[in-house]
Amino acid sequence: MFNFKKDENQIGVLTMDMAGKSTNVITKDFAAEFSKQIEIIFKDAQLKGLVIASAKKDFLAGADLAMFYRVEKAEDCMPMLKKINDTFCFMEKQGKPVVAAINGTALGGGLELTLACHYRVCIDDPKIQLGLPEVTLGLLPGAGGTQRLPRLIGIQPAIEMMTLGNRIEPQKAHKLGVVHELVKNAEELMRQAKAWILKNSNVQQPWHDKKFKIPGGAVQSLTGYQVIAASNAMVYDKTFNNYPSPKAILSCIYEGLQVPFESGLDIEASYFTQVVLSPVSKNLIKTMFFGMQACNKGMARPKDIPPQPVKKVGILGAGLMGGGIAYATAKAGIEVVLKDLTVANAEKGKNYSVKLCDGQIEKGRLTTDKKEKLLSLIKTTDKIEDLKDCDLIIETVFEDSRVKAKVTQEAESVAVASLVMASNTSSIPITKLAGASKRPDRFIGLHFFSPVDKMPLVEIIVGQKTGPEALAKAIDYTLQIKKTPIVVNDGFGFFTTRVICDYVYEGFRMVKEGVVPALIENGAKMAGMPVGPLVIADEVNLDLVGHLIQQSIEHLGPNSVDQSAIEIIEVMVEQNKRLGRKVSAGFYEYPAQGKKFLWPQIGDYFKQSAEQPDVQEIKDRLLTIQVLTAIKLWEEKVLRTTVEGDVGSILGIGFPPYTGGVLSYVDFVGVKSFVEQCKRLADKHGARFKPSEFLMKKASNNERLTNADLI
Amino acid sequence: MSDAFIFDSVRTPRGKGKSSGALHTARPIWLAKIVLQAITKRTGIESKEINDVILGCVTQSSEQGANIAKSAVLYSEFDYGVAGVTLNRFCGSGLEAINQAASSIIAGYSDVIIAGGVESMSRVPISSDGGAWSIDPDVANKSAFVPQGISADLIATLKGYSRKDVDQFAVESQKKATIAWEEKRFKKSIIPVTDINGVTLLDKDELVRPDTTLEGLGQLKASFEELGTKYGFDGLAIQRYPMVEKINHVHHAGNSSGIVDGAAAVLLAGKETGKRLGLKPRAKIKAMTISCDEPTIMLTGPVSATNRILKRAGMKISDIDIFEVNEAFAAVVLNFMDECSVDPSKVNVNGGAIAMGHPLGATGAMILGTALDELERKNLSTALITLCIGGGMGIATIIERI
């Protein structure tokens with residue numbers, strides 16, 4: 001796990017090199033072995049100093065999250081933290097210089113290890129990431145990070161880095177004072193690390209100096225007050241108090257920086273234990289890390305099919321979706337043929353890529369060369385023949401099965417036999433669309449989300465006749481373009497669209513009931529949704545929502561959509577021509593200057609009651625309706641695994657991550673409490689909240705809905 | 001049980017609370033000493049008769065730390081038998097001091113007390129005493145802390161007070177204060193502040209701007225917009241009041257209470273004690289109360305305190321001749337008048353803190369004195385004094401002339 005060597009100058013080099021792994025990860029064994037090594041190394045009176053290095057591409061990528069996931073009680077956690085903190089402090093206090101030779105990415109515990117070194121040298125490579133991203137998984141830096149970082153760079157930048165979990169490049173780290181020195185390459189790295197040791201003896205960390213002052217001002221100073229008070233509010237504002245760890249990080253800083261360093265470590269350990277035991281961190285680790293990892297490893301991929309990398313993608317329709325898919329595909333270095341009725345239209349779709357590239361160039365994230373290379377991969381055309389050697393064709397034409405049938409047949413008439421034909425429909429059953437195909441076994445649904453460049457999910461829909469090769473290819477392509485695939489079975493609206501629609505319809509129902517729209521939208525955000533249902537309706541545009549309602553009735557029957565939704569569309573679209581975002585008038589007004597605001601006249605059509613419901617009721621309704629729809633789809637086997645349901649809900653719908661996802665939500669609340677909640681809501685608001693037999697049985701057996709084990 | 005009576009009331013003029021302010025060279029303890037010595041001198045009471053001095057002071061750090069009330073007693077060379085205590089009920093401190101003094105007298109625990117307050121905001125800046133409420137992440141989180149300006153803007157948003165409404169109120173405050181000074185209506189209470197040689201530093205409220213206009217105020221930028229939108233406080237307030245889409249920021253320096261330096265003192269005693277000492281009571285403390293509302297909106301306390309005090313005293317709004325409602329922010333007073341259905345012509349008839357300033361720890365005592373002077377000037381009987389207070393609290397006192 002570790003190699004130790006001493007050179008002729010009595011400088012030791014401790015190299016991390018975990019056997020059989022591509023990266024170094026802090027496990028229980030790793031931590032124990034590290035402590036042992038440090039103890040032995042410093043017994044050597046001749047030792048001049050120590051360099052800590054890595055034999056891997058990364059320096060140290062952080063800790064084993066499975067280890068944290070399995071922590072069940074405070075007693076399991078505290079000794080582990082104490083041991084690592086003792087080792088780091090011991091290392092700091094030997095008077096002998098310890099230098100971190102950072103050759104690659106150092107995150108979480110990896111960066112914390114370097115912070116316990118007296119000097120940090122780092123290779124100046126923008127690909128190297130440095131950061132304390134624990135917060136993104138509901139944790140906090142637990143190996144002294146909350147105590148060392150603010151003592152090193154000041155309270156404000158430390159709060160920013162830890163509460164946002166930002167990963168920064170070496171240059172920025174150097175500017176902030178996180179690392180002391182940048183070097184060109186690995187050789188220079190070791191040379192400079194050793195040079196510093198030769199130049200320095202009898203070193204100590206600044207925070208062990210009796211006269212130490214926190215850079216930029218202490219907690220009890222005017223600056224400290226301002227920074228911390230504003231941070232408190234910003235955390236409250238951004239997390240809606242659904243995520244305990246950013247607040248806990250602030251507490252570590254506020255409390256820990258008013259006491260001696262070692263006491264600060266104890267405070268940090270208490271808060272770390274609090275968050276590691278919190279259901280929120282368990283949920284985030286389970287779904288956002290292990291669940292997503294499973295999807296990204298192709299958990300749904302048929303195992304016996306050889307890799308099916310896509311070489312050339314044809315895209316039919318160069319609208320917002322077509323243009324977005326073209327960009328995402330070309331960005332991954334794959335050739336694209338973008339077809340529309342006219343070349344001019346196709347060029348318009350390609351222009352989307354130009355705009356995105358220019359934006360990146362402006363931010364310094366892309367070079368002109370790379371832009372040109374990306375654009376050169378997108379060929380525009382109005383001729384179907386140009387798609388003849390594409391091995392994947394994705395149609396993104398208007399949501400009408402006849403139009404889709406026509407383009408499918410056109411494409412298949414010219415394409416190679418190995419073609420996989422995909423539809424980017426957001427709702428029409430794939431089996432129905434496959435009816436127009438000559439090769440329904442090679443027909444599949446690839447549901448992208450808008451805007452494609454930002455949304456990380458692709459919902460892959462398997463029709464009744466879709467074969468394993470088509471599925472394997474769809475998954476391989478999704479992974480090629482660095483998106484996360486979930487695979488679902490067929491049915492109108494599949495998974496994500498069904499859930500989103502019910503979320504939006506519940507919002508509509510509230511409007512109809514006379515709930516103040518601001519309360520609906522704020523309630524949604526407080527529940528953890530990124531945007532309220534009325535924003536979504538406006539973004540989809542209300543005429544299209546009306547179209548979806550009609551389709552839903554057609555496919556799922558008249559009871560699939562509530563009467564209130566139909567009335568809302570009637571008032572908004574028919575009576576007021578408020579079609580949504582595209583005409584700058586929907587539930588919101590979109591002034592040319594300034595922010596959008598809710599249409600003030602809505603109350604004239606749906607009388608707002610004097611007694612408004614409690615926001616908790618709004619939150620419960622908006623989340624519960626989504627959960628119930630997802631459970632229904634799980635029962636109907638549209639959802640194939642709960643993991644994909646959870647991951648898909650978070651990445652595609654924006655279902656709040658703190659819950660673990662739309663199915664894990666039930667286990668988060670507790671299946672019995674959830675059923676009680678459903679019954680209460682059903683009594684008050686209607687049968688759509690009634691828990692199903694399946695759910696009732698789960699509750700009476702007190703069984704979890706999702707697996708508690710990690711994948 | 002004895003009633004508590006007010007025998008006299010004095011205050012310093014209020015100096016601008018910055019280094020260019022007329023009272024910046026006067027230490028807070030100097031201001032306290034001036035009012036303590038003035039009230040004993042004026043009433044002729046010997047200091048040995050005084051049991052206790054209770055002073056409100058909000059920012060009790062640096063030279064306002066270490067119990068400035070007892071420090072001021074020592075500095076005033078009072079009899080060694082005079083005790084001193086400093087209290088902090090935030091903006092209600094000055095009135096709280098009076099209420100506590102009255103309670104003590106009514107309970108028979110003390111005979112004579114000087115109550116009042118002191119605050120040199122130019123020398124000891126507001127919030128420089130830290131505290132857990134707004135800063136400790138755990139506490140700020142549980143209490144959904146927002147700065148008071150955000151609370152005031154939230155009230156304006158919920159009640160639909162426009163920028164013009166609050167500015168208009170501010171213009172009126174300035175007008176009323178200007179007339180009050182022109183007609184020397186504060187003469188009875190004002191004790192000019194002198195330096196160590198007796199040279200006058202300030203003999204009138206320094207902040208009043210007689211030339212304030214609606215147009216002029218309209219030019220000022222809303223003070224709390226950036227704080228609210230950039231640092232998350234608006235979002236936090238909206239989470240407590242989720243029917244609000246957006247906070248309408250209407251308050252600024254011109255329609256909020258001014259930052260000033262000043263001190264005030266009120267002499268209280270029971271009737272028998274007063275008689276024994278040959279003092280003539282000016283008014284009686286008729287009722288006192290404290291209330292508390294939801295902490296994020298914070299500044300609705302005058303409404304709940306007024307409702308409670310009237311109920312306890314068995315009185316109605318119509319029984320009150322004049323009201324002093326601290327003008328922390330214009331919306332606070334507008335909200336008070338709306339919610340309690342009070343005739344605006346009875347409220348802050350001589351202006352308020354928007355025109356003259358709000359020396360945090362002293363204001364409660366100052367406006368009680370202002371109300372008493374006005375009752376006497378107009379030969380009226382009853383006044384209600386109330387202030388909004390941090391944390392959602394409200395305080396009220398009803399005084400009645402003898």
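This is a predicted model: local features need pLDDT of at least 70, side-chain atom pairs count only at pLDDT 80 or more; totals for chains, interfaces and linings use all residues.
Two residues count as being in contact if their C-beta atoms, placed from the backbone, lie within 7 Å. Residues are numbered from 1 along each chain as its sequence is written, with chains lettered from A and ligands numbered from 1 in the order in which they are written.

Chain B holds 14 helices and 12 strands (DSSP runs, H or I of at least four residues for helices and E of at least two for strands, numbered from the N terminus). Its radius of gyration, taken over C-alpha atoms, is 20 Å, close to the 21 Å from the globule rule for 402 residues, so chain B is as compact as a globular protein of that length; the rule itself is 2.2 Å times the number of residues to the power 0.38. Along the principal axes, the C-alpha atoms of chain B fill a box of roughly 60 × 45 × 45 Å.

Over in chain A, the domain assignment (automatic or from a database) gives domain 1 (2-277), domain 2 (312-491) and domain 3 (496-612). The centres of domain 2 and domain 3 of chain A, taken over C-alpha atoms, sit 30 Å apart. Each of these two domains of chain A puts 5 residues into their contact.
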